[in-house]
Amino acid sequence: MDYEADQVLQAYFRDNLARIARWFNIVAPEDGSMSQLRAQVAQLRDKDWSAIHAL
């Protein structure tokens with residue numbers, strides 16, 4: 001993802017955290033928590049996707 005696009009998305013999520021949290025209640029596992037889901041998303045965000053796609 002382009003750096004500028006990432007920054008726009010990060011700002012959107014930061015500015016709308018409460019509203020977005022309600023969305024994730026729908027997609028989160030029944031026995032999971034928002035913090036667990038956030039950690040999983042962060043783990044995906046931090047992967048070296050360019051290296052992965054180069055395989």
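**Ground rules.** I number residues from 1 along each chain as its sequence is written, and side-chain values use heavy atoms, with hydrogens and water left out. As the model is predicted, local features need pLDDT of at least 70 and side-chain atom pairs count only at pLDDT 80 or more, while totals for chains, interfaces and linings use all residues.

**Entry 1, nonpolar patch.** I looked for a nonpolar patch on the surface and found one formed by M1, L9, Y12, F13 and W23, with about 540 Å² of accessible area together. Areas come from the Shrake-Rupley method with a 1.4 Å probe; for residues, only the protein chains shown count as cover. Patch members have over 30% relative accessible area and no salt bridge; nonpolar side chains (Val, Leu, Ile, Met, Phe, Trp, Tyr) are joined within 5 Å, like charges within 9 Å. Helix α1 (residues 3–15) gives the largest share, 3 residues. Helices (H or I, at least four residues) and strands (E, at least two) are DSSP runs, numbered from the N terminus.

M1 sits in the segment before α1 and is exposed at 76% relative accessibility. I use buried for under 20% relative accessible area, exposed for over 50% and partly exposed for in between (1.4 Å probe, protein chains only). W23 belongs to helix α2 (residues 17–27) and is partly exposed at 43%. I also noted that the C-alpha atoms of M1 and W49 are 8.9 Å apart, although 48 residues separate them along the chain.

At the start of α1, a side-chain oxygen of D2 comes within 3.0 Å of the backbone nitrogen of E4.

My search of the whole structure gave 1 aromatic pair. Y12 and F13 form the pair, edge-to-face, at 5.8 Å centre to centre and 75° between the planes. Rings of Phe, Tyr and Trp (its six-membered ring) pair if their centres lie within 6.5 Å; planes under 30 degrees apart are stacked, over 60 edge-to-face, the rest tilted. Y12 is partly exposed at 33%, and F13 is partly exposed at 37%.

I found 2 in the whole structure, taking a side-chain nitrogen of Lys or Arg within 4 Å of a carboxyl oxygen of Asp or Glu. D15 and R14 have their closest N and O atoms 4.0 Å apart. D46 and R45 meet at 3.1 Å, N to O. D46 is exposed at 56%; R45 is partly exposed at 47%.

Note on methods:
Polar contact = N/O pair within 3.5 Å; in protein donor to acceptor, adjacent residues only side chain to side chain.
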